[in-house]
Each structure stands twice: as structure tokens, then as C-alpha cells.
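Dear colleague,

Please find below the structure that I am handing over to you, with its sequence. My notes on what was found in it follow directly after.

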Amino acid sequence: MSEASFRTDVLPLKNELFRLAMRITLNRQDAEDIVQETMLKVWSRREQWAEIDSMEAFCLTICHNLALDRVKRMSRQTSTSLDSETHDRADHSYNSNPEEQTVQRDRLRMVRHLMDTLPEKQRICMQLRDVEGKPYKDIATIMAITEQQVKVNIFRARQTIKKKFIENDKYGL
Amino acid sequence: MDYKYIEQLLSRYFEATASLKEEQILKAFFAQDDEELPQALRQYKPLFEAMEKGDVLGTDFDDRILSLVSNASERCVVGNASKRYNVVGNASERCSTDDSLLIPQKARIISLQERFRPLLRAAAVVAVILTLSTAINQSFRNDNVWTDEDQIAHYQDEIRKAALAAATADSVLLYSEGISIKADSLAADTMHLAPTGYLE
């Protein structure tokens, strides 16, 4: 396999991989590292490309696993850094402003924050389904869980977001 | 305007029973401007807006990856989390060896007994083999002891012993016979002598 096919088949996946890595690590720099690592790994296995059904799913699987590894390693080193970061972000969503546009922007930020505070599995499922528009089957393959588990995770994620979002909408803004 | 359909889709969305197409319809619907949305549904707009594909990587990332990749065609690149942009590697075989991360692996706690199980298993196999080989060896050795020559020699020995025994028995018999003959002749002598002596 050549560098040309890497350029056309693998490199364009960078943003999708980046968003997934970002959703898992919640850190831009880490996510970028993971995408790079993923691509180099895919490149190092170019002899096997012919056997791969979907390059996209293959890359997403590698990216998913690398990101989870990174998070696990990070949480072992510093267990508080992620929490403090998300708390900082949360503060922005309560800067209420009378203007409609600002309110909507705050709401948007709040939804993003809510998504980031979901349990890891739900977060990943939601990212792949709601943002990337993937079928349940593909998500199950990438995450190495059953389709039913994917559905359950997505159901819970949407319910949590709905509940918290509506709650915040009532009292927060 | 009637938004029943959208409301239906919304509830299906939250129940996670909506199809991908239906979810796309919702996304497209809420992508409209605020003013065009009915007041009751306006609150859901940020929900779907948050799901848009926002974050992207710049072109400098492409350049970096491509340069790393062209480097890696000659040398093997091992992407390392802690060493950023670090190009390691000399042996090209290493490229294909590192596939542990491809298969999702779950960490699990292994008890001491489980950890030593392979070792114990190996020990058990060795023990069985040793026992069997000893048993086989022994049976072979027993067979070897009784070669034909040995058997013949053994039988000859037996025969010789038997012959010796027979000979001994004969001689004993002869001896006892001899004794009885002697006794008879002695008696006869006395018988002979007595009358003569008595007569004399």
C-alpha cells in the first residue's frame, strides 16, 4: 500500500478521530497526540490494509483504544486534573446574559459540558451516534460491546442530558 | 404549522428508538434559525447544535503526519504517548509486532493462583511425562533381561540343578542301600560266625 492511499483514505479521517479522542480525553493536546499515534499505527500496519473492511471503523477502533489507555494512565497519575478542568468550564455556562443570542450560546456550552460530564461509555456512544451519525452496529464494533449495550448507553445519555438540560433551563437561566 | 411529527421524532430520539434518518431530520430541523422555530421547540436547539462536527485539526497536522509517515517507510515509527513526535525504531520488523492495542483488552485482576496456573500446568505435564517414561523404560528393561540365551542358560542351570539333585538322591539311595546291605551281610556274618563259634 502506498503513501497516496494513506493520503486519500486515512488522513481525511483525522477530524473524526480527533473529535472522538477529544470526547474521551477531554483535552485538545492529548486528543491531537492520539490521532497522530493512531495514524502512525495504521501506517505501520499497511500490509494488512487489503484485509480491512472499513478503514474508518479500523481507525476509530484504534483511536478509541489509545484514548482509553491514555485516560486510564492519566487518571492513575493525577486523579483530580480532569475534574478541576470541567468545573472551570461549567462556570461559563452560568454567565447569564439578557440577550437571546448569548443565552443560546450559553445553553450550547452547557449541553457540551453536560455531554462531557457523562460516564465515559455513554459519552463515546453519544459522540459516535449523535455527532458522527454512525449506525449502532458500527459503534458496537468500535467499542467492542453489544448493539444492545450501545442502545442502552445512548438512551441513558440522552435522558440525562434532557433531564439536566431542562432542569437548568428552568432554574439556571 | 403543525409540529406533531417533529415532536414525535423528538420523543423517539430521547427513547433511543429513532432511526439514523430520523435523527438527521431532527438535526436539520433544529439547524434553522431561532426565529423560524416554534417557541416550544426552541429550547432543544442547543441540544442538536452541540452535536455538530465542530473541532478540526489544521493542515499543519497533515504535514507533520505525512513527514512522519515518509520517514516511517524507511524506519519504523512507534508513536509514543509520553514522547511526543518522537521517531523511534531501527528494525523494520517492529512495525508489525506491536498490535496489542488493536484488540480491545480489558484489564482484569489475576489472583496468585491463576498467575501460577501455567507454571503448575507445565510442572504437571513434566511429571506425567517423567512417570510414563520411567514406566516404559522399566518394562523395556524387564523384557531385555529375558533374552533367549538367558532363558536357555537359565533352563540349563535348572536342568543341571535337577540333575545334581537326582544324582544326590541316587547316591543317598545307594548309600542307604549300601548300609542295609552291609547290615545284612554283617548279620549274615554273625549268623555264620555264631554257630561256628558256638560249636567250637
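A:Leu26 is partly exposed, because 19 other C-beta atoms lie within 10 Å of its own. Here a residue counts as buried if 20 or more other C-beta atoms lie within 10 Å of its own, as exposed if 12 or fewer do, and as partly exposed in between, with C-beta atoms placed from the backbone. A:Leu26 sits in the loop between H2 and H3 of chain A, and its phi is near 60°, a positive value in a residue other than glycine. Most residues other than glycine have a negative phi. A:Ala144 also has a phi near 60°; this residue belongs to the loop between H8 and H9 of chain A. With 13 other C-beta atoms within 10 Å, A:Ala144 is partly exposed.

Please note that this is a predicted model, in which local features need pLDDT of at least 70 and side-chain atom pairs count only at pLDDT 80 or more, while totals for chains, interfaces and linings use all residues. Residues are numbered from 1 along each chain as its sequence is written, and chains are lettered from A and ligands numbered from 1 in the order in which they are written. Helices (H or I, at least four residues) and strands (E, at least two) are DSSP runs numbered from the N terminus.

Helix packing in chain A

Two packed helices are described by the angle between their axes and the distance between the axes. The axes are lines fitted to C-alpha atoms, for helices over the stretch in contact, and the angles run from 0 to 180 degrees between N-to-C directions. The axes of H2(A) and H7(A) come within 9 Å and cross at roughly 155°. That makes H2(A) roughly antiparallel to H7(A); angles under 35 degrees count as roughly parallel, over 145 as roughly antiparallel, 65 to 115 as roughly perpendicular and the rest as oblique.

On the H2(A) side, the contact is made by A:Arg19, A:Leu20, A:Arg23 and A:Ile24, and on the H7(A) side by A:Glu120, A:Arg123, A:Ile124, A:Gln127 and A:Val131. Two residues are in contact if their C-beta atoms, placed from the backbone, lie within 7 Å. By class, this contact of H2(A) with H7(A) has four nonpolar, one polar and four charged residues. Ala, Val, Leu, Ile, Met, Phe, Trp, Tyr, Cys and Pro count as nonpolar, Asp, Glu, Lys and Arg as charged, and the others, Gly among them, as polar.

Helix H7 (residues 120–131) and helix H8 (residues 136–143) of chain A have axes that come within 10 Å and cross at roughly 140°. H7(A) and H8(A) are therefore oblique to each other. Their crossing is right-handed. H7(A) contributes A:Ile124, A:Cys125, A:Leu128 and A:Arg129 to the contact, and H8(A) contributes A:Ile139, A:Ile142 and A:Met143. By class, there are six nonpolar residues, no polar ones and one charged one.

A buried residue

A:Ala67 is found in helix H4 of chain A and is buried, with 26 other C-beta atoms within 10 Å. Leaving aside neighbours within four places in sequence, A:Ala67 is in contact with A:Leu20, A:Ala21, A:Ile24, A:Thr25 and A:Ile34. A:Ala67 and A:Asp33 are 34 residues apart in sequence, and 9.4 Å separate them from C-alpha to C-alpha.

The two chains together

The contact between the chains takes 45 residues from chain A and 35 residues from chain B. H3(A) supplies the largest share of the side of chain A that touches chain B, 10 residues. That side divides into 20 nonpolar, seven polar and 18 charged residues. The predictor gives the complex an ipTM of 0.78 and a pTM of 0.59.

Chain B and its confidence

Chain B has eight helices and zero strands. Of its 200 residues, 10% count as buried. The mean pLDDT (the predictor's confidence in each residue, from 0 to 100) of chain B is 75, and 69% of its residues reach 70 or more. Over residues 76–101 of chain B, pLDDT stays under 50. It also stays under 50 over residues 196–200 of chain B, for which the model has zero contacts beyond four places in sequence. Where pLDDT is low, the predicted coordinates should not be read in detail.

With kind regards

Methods: Left-handed = near helix turned anticlockwise from the far one by under 90°.
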